[in-house]
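Please read the points below with the model open beside you.

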Amino acid sequence: MSAPIVTPVPDAPAAGWWHRNRWALVALPVALVLTLVAAGDRVRTLWWEQDLRRPTTVAAGETADFHQRVYDGLGGTLPVDVQVRLDGVRDVSTLPRDMEVPEGSRAVQVDLTLSADPDRVLTGCLLAVRDAAGNRYDYVSNAWGANQAVVPCVPEDAPGPRPSLGDLDEVLSEQDTPPRPATWSVSRVLVVPEGIDVTEVVLWWQKPQHLLLEVPS
Amino acid sequence: MSGPAAPPDLRARARASGSLVARRALDQPLRRIGIGGAVVLLAVTAAFGGLREQEKDGPEVLAVDVPVEVAPFELTVHRVVWTTDLPGQYLTDDGNRWIGVVATVRNTSDAGVLGVTLTDTLTLDDVDGLVQEPSVLVPGVEASAIALLEDGSSLSPVQPGLTYEAAFLFEQDGSAAPPTSATVLLQRQTWGVGILDETVSWRDPVTTLRGELDVREARSSEESES
Amino acid sequence: MSTPEPVGTTARVRRPRVQTLGAGAAVLAALAVGHVVVTAFPVDDRVSAPFVRPTVVGETVELRYASLTAGEPTGSTVLSPDTSTQLSTPGVFLTVPLTIVATGQPRMISFAELRGGDGRTYTVFTSGRSSFLPGTAQPGVPRYATVSVELPPEAVPGAHLRIGLNQEDQRGDDLADIDLGLTQADADDWAAVDTPLDISSRSDEPLEQP
């Protein structure tokens with residue numbers, strides 16, 4: 001028999017469990033973190049980015065700076081840098097053409113003043129109002145019989161540059177609208193149920209970031 | 001390297017143990033162990049149907065006016081005709097023509113299916129100048145529309161328990177001659193989940209019937225039918 | 001401690017092997033128990049099942065995302081939708097007017113299917129011969145829409161209409177199940193009618209009852 005036999009040194013203290021497994025113990029928290037990150041990969045796309053979760057709150061009468069990099073659909077991002085002020089929310093004096101407000105509802109007008117570099121792409125914004133209970137009512141350009149501006153946050157006749165559509169740019173006709181002014185105002189009409197008070201105006205480009213503009217009471 | 005694959009000390013222990021089986025096994029070269037393992041593995045598959053007779057491969061011959069089962073449908077192909085004008089259907093170019101496979105369609109499953117599943121079921125082959133590119137999922141070219149003869153509407157969803165008379169429409173370029181024959185392929189599908197996609201649906205189309213059918217010009221009476 | 005005894009050697013070689021075998025058996029046992037736990041209780045379907053909220057025609061049902069009221073169903077063999085050409089069927093078209101009031105935020109309710117009295121499921125898509133596309137409903141502002149389903153007359157008696165939020169996926173969410181209260185007499189009547197049934201797929205105004 002020539003099998004090697006390890007004889008323990010009598011005086012040496014027996015190596016403890018913690019000591020023997022020290023490298024595994026070091027690796028354990030790293031492995032746990034990696035597991036969570038890998039398993040949580042879709043939390044961002046399937047949950048976090050699916051709702052309005054990161055407000056930029058603007059007190060009544062204040063002007064807010066809003067910055068976000070939004071996905072451009074071509075694998076890159078575009079900057080949104082804009083200043084927004086809520087001028088007011090009031091009952092509509094004259095309805096948009098052909099708008100018929102259903103019974104039990106009323107039309108409210110949201111007046112905003114915005115400023116941005118005329119080269120900034122601002123298409124793709126969405127507008128809504130909220131009541132005290134947190135219910136959200138969206139601006140819909142083509143509803144209640146009326147046709148309002150498709151993009152609620154830019155002037156209809158001078159919306160500014162549109163985002164690149166990749167290869168499609170070549171076949172699309174040149175834009176012939178005048179450049180967007182540095183500062184402009186928009187008034188958009190939304191339909192809400194009678195008997196609710198609009199307490200917040202919400203403006204966003206891509207969730208979860210959004211502007212939360214408080215309505216002066 | 002054709003010596004024994006097992007390490008020397010293991011072999012030594014096997015010798016010491018006095019077991020003949022262990023000693024002989026450990027003295028084998030690696031290659032022989034590998035081959036033996038593969039044979040054992042193949043033998044084990046017999047328990048899971050590895051020795052079951054392979055189903056007949058290659059499609060059967062499709063005959064006109066005979067109902068055939070191509071899950072989830074029962075299809076009866078009646079005729080293949082061509083025409084230049086169909087009400088409610090629009091060619092991509094005025095000079096082109098429609099080739100229509102007229103068939104009776106029944107959904108034999110217990111739930112309605114959308115028209116896309118029906119589109120995979122019947123395809124056309126061996127016709128020159130078809131406008132639509134050959135499909136990547138099924139052999140042949142898929143119909144660009146499936147029109148109900150009764151009202152000209154697109155047949156979707158296909159509900160169970162109903163018998164529909166429909167025309168699978170394929171657009172042919174006008175510069176090609178009208179075909180005198182065409183190959184009609186029928187695909188059977190299976191209800192299940194995909195390898196990466198967990199939603200259950202009709203998928204994995206397999207061609208089970210194939211028929212070379214005569215093509216003639218549609219009579220006006222047939223056109224008015226639709 | 002220089003001449004090891006043969007007996008000690010065997011003991012030392014064997015002990016780890018027993019331990020290894022034991023550990024292996026423990027791992028296999030754990031896997032087997034896990035497999036039993038996962039497969040022995042058929043709860044997968046129940047865990048992902050929608051929360052079915054039963055109701056009947058004319059009675060409002062409160063769902064997580066909207067309140068829903070079904071009107072009186074009607075049928076014919078010819079349908080004249082406002083969004084497509086006139087349709088004819090070898091069976092019957094069944095139409096159900098719905099009133100949708102979203103709750104919380106704008107909702108685009110898009111799932112509908114008909115559970116026939118014959119046990120089969122009749123698919124409803126956003127377009128086509130069996131369709132439902134109400135568009136977006138704002139909270140508190142009623143939205144009116146009509147579901148139309150093509151089905152054989154024998155599936156009409158006892159049919160239930162199911163309405164949900166997501167066309168693709170109804171798992172774990174509220175699902176309205178409306179007993180349409182239909183009988184064989186309804187089916188026979190409709191199968192005999194060939195006057196086109198005019199339907200408005202969706203509207204902000206209450207639908208006219210035919």
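**Notes on the model**

1. Chain A holds an open sheet of 5 strands in the order β1-β11-β10-β5-β6, with mixed pairing. Its edge strands, each pairing on one side only, are β1 (54-58) and β6 (136-138) of chain A. From one strand to the next the twist averages 30°; axes here are lines fitted to C-alpha atoms, for helices over the stretch in contact, and angles run from 0 to 180 degrees between N-to-C directions. Helices (H or I, at least four residues) and strands (E, at least two) are DSSP runs, numbered from the N terminus. Two strands pair if DSSP finds at least two bridges between them.

2. A word on the source and the numbering. The model is predicted: local features need pLDDT of at least 70, side-chain atom pairs count only at pLDDT 80 or more, and totals for chains, interfaces and linings use all residues. Residues are numbered from 1 along each chain as its sequence is written, while chains are lettered from A and ligands numbered from 1 in the order in which they are written.

3. Follow strand β10 (residues 198-204) of chain A. On one pairing, β10(A) meets strand β5 (residues 126-131) of chain A in the antiparallel sense over 6 bridges, and Val202(A) stands opposite Ala128(A) there. Strand β11 (residues 209-214) of chain A is joined to β10(A) by 4 bridges, also antiparallel, and here Val202(A) stands opposite Leu212(A). With 4 residues between them, β10(A) and β11(A) form a hairpin.

4. Which way do β1(A) and β11(A) run, parallel or antiparallel? They run parallel, joined by 5 bridges. Leu212(A) is the bridge partner of Thr57(A). Strands of a sheet pair through backbone hydrogen bonds, either parallel or antiparallel.

5. Chain B has 5 helices and 10 strands. Its C-alpha trace spans about 95 × 40 × 30 Å along the principal axes.

6. Chain B is divided into domain 1 (8-48) and domain 2 (60-225), with bounds from an automatic or database domain assignment. The C-alpha centres of these two domains of chain B lie 58 Å apart. Chain C is divided into domain 1 (1-41) and domain 2 (51-203), and their C-alpha centres lie 62 Å apart.

7. How many of the 10 residues in helix α1 (residues 8-17) of chain B are buried? The count is 0, and the helix is hardly covered. A residue is buried if 20 or more other C-beta atoms lie within 10 Å of its own, exposed if 12 or fewer, and partly exposed in between, with C-beta atoms placed from the backbone. Just after α1(B), Gly18(B) takes a positive phi of about 80°. Over chain B, buried residues make up 30% of the 226 residues.

8. Leu124(B) lies in strand β5 (residues 122-125) of chain B. Leu124(B) counts as buried because 25 other C-beta atoms lie within 10 Å. Leaving aside neighbours within four places in sequence, its contacts (C-beta atoms, placed from the backbone, within 7 Å) include Ile99(B), Val101(B), Leu130(B) and Phe170(B). Phe170(B) is 46 residues from Leu124(B) along the chain, yet their C-alpha atoms are separated by 8.0 Å.

Key:
Contact = placed C-beta atoms within 7 Å.
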